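Here is a short report on one protein chain. Keep the sequence and the 3D view side by side as you read.

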Amino acid sequence: MSIDRLSQTFAALADPTRRAILARLASGECTVGELAKPFAMSGPAVSKHLRVLERAGLVARGRDAQWRPCRLQAAPLKQVAEWALDYRQFWDASYQRLDAYLTHLMSEEKNDDSK
Amino acid sequence: MTTRSDAPAAATGHQTDYSMPNDRELVVARTFDAPRSLVWAAFTDPKHLPNWHTGPAGFTMPVCEIDLRPGGSWSYVWRNPQGREFGATGTYREVDPPKRMVQVTKSQSGEEQTNTTTFTEENGRTTVTVSMLFGSKQTRDQGMPYAKMGLEGSYASLDAYLASQV
């Protein structure tokens, strides 16, 4: 996943209404009308949020022209979780290597002293 | 948010602490079983950094240039196992050996990022705290440049890599 795509996913997740929509869709697909109900929002307002989620690849719409049920697409969420590991991976790996490297430097110092 | 890494600590290793005290900051803290002067050198001497500051296994650091003085610049380039390179450059704002240094770098979007690194010693152990202050929450959450390197890298076993270095 490119960083631009990752940014798009973060931007889509930055809004609490959109996160609530995703939470609702996690329990199964539903129509725009069904999504709008708990949010006290108009259909068009919900549709606007859905378009952002669709562009971020987080939601897919069915082909049925009348109902077009919305479905959660979990792959980008998984990639966000993987990103969260990545900066840790960099530091964890570097610091584990530094432990060994410092030990190596200290043993070199000792050897120099004993010469 | 404060979490600890799941990486198994080596026999002499300590855990790395990650915290986000506010929207724009990421703080990484770690203790090493070595005196402060040596740890300072490992973080600031170009002959030392490429030996460890390389992230996931298989990455190398072909360029590490450091002009260690206030106003001096630094330039790092990492190379992933596929040969792709990722660079970072910046300047030192403060250099106070062996206690503290402040580095300023720019993200790809042109935002400034300030890294403040402090070294404290107790009973022969040194704790290094790197505080990264990003221009925005979004930039921090993108985790540049490490996220990009991690996403595009392929990970061989770290244990195998460390074993090959002994």
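## The chain as a whole

Chain A has 115 residues, and 29% of them count as buried. The model is a predicted one.

Chain A holds five helices and two strands. Along the sequence, they come in the pattern α-α-α-α-β-β-α. Now take the contacts in chain A between residues at least 6 apart in sequence. Of these, 49% join residues at least 24 apart.

Find A:Leu6. This residue sits in helix α1 of chain A, which covers residues 3-13. Why does A:Leu6 count as buried? A:Leu6 has 22 other C-beta atoms within 10 Å, and the cut-off for buried is 20 or more.

Next, find A:Leu77. A:Leu6 and A:Leu77 are 71 residues apart in sequence. In space, the C-alpha atoms of A:Leu6 and A:Leu77 are 9.5 Å apart.

## Two sides of helix α4

Helix α4 of chain A runs over residues 43-55, 13 residues in total. From first C-alpha to last, helix α4 reaches 18 Å. That is close to the 18 Å expected at 1.5 Å a residue.

Which residues of α4(A) are buried? They are A:Val46, A:His49, A:Leu50 and A:Leu53. Seen down the axis of α4(A), the buried residues fall within an arc of 105°, so they line one face of the helix. An α-helix has 3.6 residues a turn, so residues three or four places apart point the same way.

On the other side of α4(A), A:Pro44, A:Lys48 and A:Arg51 are exposed. After α4(A) comes A:Gly57, with a positive phi near 75°.

Notes: Residues are numbered from 1 along each chain as its sequence is written. Chains are lettered from A and ligands numbered from 1 in the order in which they are written. This is a predicted model: local features need pLDDT of at least 70, side-chain atom pairs count only at pLDDT 80 or more; totals for chains, interfaces and linings use all residues. Helices (H or I, at least four residues) and strands (E, at least two) are DSSP runs, numbered from the N terminus. A residue is buried if 20 or more other C-beta atoms lie within 10 Å of its own, exposed if 12 or fewer, and partly exposed in between; C-beta atoms are placed from the backbone. Two residues are in contact if their C-beta atoms, placed from the backbone, lie within 7 Å. The expected span of a helix is 1.5 Å times one less than its number of residues. The arc is that of the directions from the helix axis to the C-beta atoms.
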